[in-house]
Every structure is written in C-alpha cells, then in structure tokens.
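Please read them with the structure open.

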Amino acid sequence: MKSLTEYLWFELPRRRGFVNITDTVEDLVRKSGVQEGLCLVNAMHITASVFINDAEEGLLQDFDDWLEKLAPHEPIGQYRHNRTGEDNADAHLKRQVMGREVVVAITKGRLDLGPWEQIFYGEFDGRRRKRVLVKIIGE
C-alpha cells in the first residue's frame, strides 16, 4: 500500500473566505502514485472547514451570507464562548455546519468527483495561519 501525508497552509487576510483547493489536492494524488484508494482532506482547526460543492462565485457568497445569518459574528456578547475573552464563537458554529473533512475516492489515479464537485477550504476566523491535512492511501 502507498501513502502520502501533506499539509496545506492558509492565512486568509479576512475573517471569512473560501479557497478552492481541488487542483492542489489533485496534484498531491498524482504525486502519491496511488491509482485506486482514498483521499482524506481535513481542516486541522476548529474554526475552519473542508467541504465539497460547486465552484460558483454566487453560491460561495450565498454560503457566506447564509452562515452569517445562522451564526452572526456580532454582537459578540451573544455567545457564552466569547465570555472567555475570545470573539470567535460564531466561527466554531459555522465550522460545525460546513463540516470538518471530506473523503474522496481515487479511481485510475484521479479524484473521483461528481459533476461540478470541487473541494474547498472554508475559513471562519481568519488572519492567522492554519493547516489542512491531506492523507492519501491506496494501491
């Protein structure tokens, strides 16, 4: 069995944002040499997410707007977590909704994604360095 472990690092300049990481993950699949297997992509921070959806700018803005309605950043006093001196309770909730990780099948040396599916890193408490684990295993 072959395996590859890599870390992607992100430091988004704004509090929230989305980065399409599909091509980067696909490059790592090629680097691994795995033809048949699985690829795990996992946000290693509790205020960030990895998810799969369509790479359409309007939809990404809809996600951002929807998440801000579900868990608005302000007023920060509305969250018990922020009583600890933090101001990112909303980011924890947004991450919970968008998910921690994705697992994608590798078939014939490529990510086996459906039509329009792309892999995204979602940031909900940016302006600091965070990492994403990419773990590829298979034959």
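1. Basis. This is a predicted model, in which local features need pLDDT of at least 70 and side-chain atom pairs count only at pLDDT 80 or more, while totals for chains, interfaces and linings use all residues. Residues are numbered from 1 along each chain as its sequence is written, and side-chain values use heavy atoms, with hydrogens and water left out.

2. Overall fold. The protein chain has 3 helices and 8 strands, in the order β-β-α-β-β-α-α-β-β-β-β. Helices (H or I, at least four residues) and strands (E, at least two) are DSSP runs numbered from the N terminus. The C-alpha trace spans about 50 × 30 × 20 Å along its principal axes.

3. Of the 139 residues in the protein chain, 43% are buried; buried means under 20% relative accessible area, exposed over 50%, and partly exposed in between, with a 1.4 Å probe and protein chains only. Among contacts (heavy atoms within 4.5 Å) with a separation of 6 or more, 82% join residues 24 or more positions apart.

4. Helix pair. The axes of α2 (residues 57-70) and α3 (residues 89-98) come within 10 Å and cross at roughly 125 degrees. Axes are lines fitted to C-alpha atoms, for helices over the stretch in contact, and angles run from 0 to 180 degrees between N-to-C directions. The two helices, α2 and α3, are therefore oblique to each other, since angles under 35 degrees count as roughly parallel, over 145 as roughly antiparallel, 65 to 115 as roughly perpendicular and the rest as oblique. Phe 63, Trp 66, Leu 67 and Glu 68 of α2 meet Asp 90, Lys 94, Val 97 and Met 98 of α3.

5. Main core. The largest nonpolar core has 23 residues, of which Ile 21, Val 25, Cys 39, Val 41, Ile 119, Val 134 and Ile 136 touch the most other members. A nonpolar core is a set of buried Ala, Val, Leu, Ile, Met, Phe, Trp, Tyr and Cys residues joined through side-chain atoms within 4.5 Å. Elements giving two or more residues to this core include α1 (22-32), β3 (36-43) and β8 (130-138). Beyond neighbours within four places in sequence, the contacts of Val 134 include Leu 4, Val 25, Leu 28 and Cys 39.

6. Second core. A separate core of 9 residues includes Leu 60, Leu 67, Phe 120 and Phe 124. Leu 67 is also one of the α2 residues in the contact with α3.

7. Loop residue. Gly 33 lies in the loop between α1 and β3 and, at 23% relative accessibility, counts as partly exposed.
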